[in-house]
Amino acid sequence: MSRIARLGAAIALGVLVTACAKPGPDHPPGEPFDPYENTNRKIHEFNRSVDRALIRPAGKGYSNFLPDDIETLIGRFAFNLSLPGSIVNNILQGNGRGATEDTYRFVVNSTMGLGGFFDPASEIGMPKPTKADFGQTLYAWGVREGAYVELPLLGPSTERATVGKVVDLFTNPLTYALESPQNYYGTIASASSRLSDRGRYSETIDSILYQSADSYSQAQSLYLQNRRFKLGNRSGDTYLDPYDDPYGEKGEDPYDQ
């Protein structure tokens, strides 16, 4: 019951995001809404220093240590465990088709795919996963994105997306269905997959963080454009909408083949 109470509180927090900051009438169309730029840039520099000192070398070492096939298996396993959360968000969005397709994919890959380590769902031509999250759900509910923010360690976000990240911690049914320590497998696999990605796509990420003239603006631009593309934004918003993966492009998506 305590978990259900936390879920309810998280959803209530999501509704309260309607109070997010809104651009004024003189805000230039197409420009990011970034009233916290000074603070964001300081956090961005902190994130870069942590990445340079810890995450980047750990990611490269981890990726060099693990064979590519093993990294792929871990990534698939982590993604499969995230599908129930996508199913819940599709239901909240009223997207019955997306919820059904993600359910079929989860069932097929959890059984025939040995827990998600393999991807027979794609091999037999099933629709691509929706990758629905609560930030997307808030967007579907008409909640504005709020101001652009950079989060410590997590990177680019917005006020709406930040609330989405918090709520997503509670929307995956596996968190409640599995006992400890099994209910932590998804979190561990996801962290492992992200560290692996940092190593595998180090060249792309380094070009953004360390080789661009203004890494803050570059990361912000990629983040906003990719999130807008993910959401299929056709609502006439006058400013760009972010998505929820730090620093934008992380490399090839196995589901975009």
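Start by selecting helix H2 (residues 37–65) and helix H10 (residues 202–209), which pack at an angle of about 160 degrees, their axes 12 Å apart. Keep in mind as you look that this is a predicted model. Are H2 and H10 roughly parallel or antiparallel? An angle over 145 degrees counts as roughly antiparallel, so that is how H2 and H10 run relative to each other. Their crossing is left-handed.

Now show the side chains where these two helices meet. On the H2 side, pick His-44, Arg-48, Asp-51, Arg-56 and Lys-60; their partners in H10 are Ser-202, Asp-206 and Leu-209.

Next stop: the core. Which residues make up the largest nonpolar core? Select Phe-77, Ala-78, Phe-79, Leu-81, Leu-83, Phe-106, Leu-174 and Ala-189, and you have the eight of them. Colour helix H3 (residues 68–93) too, as H3 gives the most to this core, with five residues. In soluble globular proteins, nonpolar side chains tend to be buried together.

Time to zoom out and switch to a cartoon view. You can count eleven helices and two strands in the chain. Trace the chain along its sequence and you'll pass them in the order α-α-α-α-α-α-β-β-α-α-α-α-α.

Of the 257 residues, 44% count as buried. As for contacts between residues at least 6 apart in sequence, 71% join residues at least 24 apart.

Key: Residues are numbered from 1 along each chain as its sequence is written. This is a predicted model: local features need pLDDT of at least 70, side-chain atom pairs count only at pLDDT 80 or more; totals for chains, interfaces and linings use all residues. Side-chain values use heavy atoms; hydrogens and water are left out. Helices (H or I, at least four residues) and strands (E, at least two) are DSSP runs, numbered from the N terminus. Buried means under 20% relative accessible area, exposed over 50%, partly exposed in between (1.4 Å probe, protein chains only). Contact means heavy atoms within 4.5 Å. A nonpolar core is a set of buried Ala, Val, Leu, Ile, Met, Phe, Trp, Tyr and Cys residues joined through side-chain atoms within 4.5 Å. Axes are lines fitted to C-alpha atoms, for helices over the stretch in contact, and angles run from 0 to 180 degrees between N-to-C directions. Angles under 35 degrees count as roughly parallel, over 145 as roughly antiparallel, 65 to 115 as roughly perpendicular and the rest as oblique. A crossing is left-handed if the near helix is turned anticlockwise from the far one by less than a right angle, and right-handed if clockwise.
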